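Hello,

Here is the structure for your files.

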Amino acid sequence: MTLEGSYRGFNVVLHDPGIAVVTMDEPDRLNGQTPPMKRDMTEFFLEAQMDNSIRVVVVTGSGRAFSAGDDMTGRRRDYESKTKLAKSLSWDGSSEMGTYAGLRTISQQLNLAVRHLDKLTIAAVNGVAVQTGLSLALACDFRIAGSSARLGSATLRFGLQPDEGGHALVVELIGLARAMDFFMRKRILSAGEAKEYGLVHEVVPDDRLMDHTMDLARELAEGPQVAMRLLKRSLYNAAEMPTAQAFDDIAAKTAISDHHPDAAEGVASFREKREPKFNAWLKGRE
């Protein structure tokens with residue numbers, strides 16, 4: 001099985017060692033998101049969780065935008081030539097309960113699927129990332145921005161909410177006081193400002209964005225995958241758990257990673273003064 005392919009609103013290409021690059025590929029629409037795209041991308045992340053050939057996922061956009069949010073033009077998309085990963089669901093946004101159900105089932109599920117993936121994720125933010133595009137980037141574990149990137153929500157310009165869960169992701173990353181200013185004053189940040197706020201980890205020249213991102217992806221993909229995936233879960237858990245529960249959580253995960261072959265290799269390589277060769281357990285499973 002391979003998840004490489006062209007889907008509704010994005011394509012997937014695999015690179016060694018186990019790096020899946022997800023590129024939103026409708027630059028003429030600034031990679032505006034649609035319900036079919038969100039359904040397929042959500043399914044991709046669910047399948048990537050179970051696919052041993054994938055260790056790290058990179059998400060980026062094509063053209064001059066990462067993603068300018070939901071496609072509000074109403075223009076029909078031609079998806080006939082695209083592979084469908086998930087069944088399309090009807091979304092009645094004309095009623096209160098229809099809006100509520102659609103947000104929880106389609107828009108919010110994409111960001112939850114990204115966050116729930118045990119494997120590490122990197123957003124390579126090229127150009128504009130606003131509204132749902134911003135939230136998709138913030139759901140990833142690492143964010144690298146090109147120097148011309150601009151990030152914001154600004155839903156209040158339309159009298160709308162950051163309804164895909166972006167408010168919670170922003171509060172998690174920069175705290176309540178700054179989040180209040182960010183949303184209420186409808187700020188669109190430059191890449192440098194976004195780094196200062198804590199929304200992105202690094203800013204690099206635009207022409208170095210993908211090279212730099214792939215360097216990080218390869219570094220992460222070569223690391224001890226079991227220990228890294230368990231630690232990812234523990235770090236997110238620690239952000240929400242009381243201290244005693246967070247301590248217990250990492251102890252339970254350590255009981256797994258300490259007895260994994262990667263740990264034995266790590267200790268042996270240290271004693272032998274050589275670079276470790278992790279992930280032998282993946283050979284033949286990819």
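The notes below cover a sheet, a helix and one arginine.

This is a predicted model, in which local features need pLDDT of at least 70, side-chain atom pairs count only at pLDDT 80 or more, and totals for chains, interfaces and linings use all residues. Residues are numbered from 1 along each chain as its sequence is written, and side-chain values use heavy atoms, with hydrogens and water left out.

Sheet. Seven strands (E, DSSP runs of at least two residues) make an open sheet of mixed pairing, ordered E1-E2-E3-E4-E6-E8-E11. Strands E1 (5–7) and E11 (202–204) stand at the edges with a single partner strand each, so one side of each has no neighbour in the sheet. Strands E2 (residues 10–15) and E3 (residues 19–24) pair in the antiparallel sense over six bridges; two strands pair if DSSP finds at least two bridges between them. Phe10 has Met24 in E3 as its bridge partner.

Helix H10. In H10 (residues 261–271; helices are DSSP runs of H or I, at least four residues), the buried residues are Asp262, Glu265 and Ser269. Buried means under 20% relative accessible area, exposed over 50%, with a 1.4 Å probe and protein chains only. On the other side of H10, Ala264, Phe270 and Arg271 are exposed. Just after H10, Lys273 takes a positive phi of about 55°.

Arg233. This residue lies in helix H8 (residues 225–238) and counts as buried because its relative accessibility is 17%. Leaving aside neighbours within four places in sequence, Arg233 is in contact (heavy atoms within 4.5 Å) with Arg115, His116, Leu117, Asp118 and Lys253.

Regards
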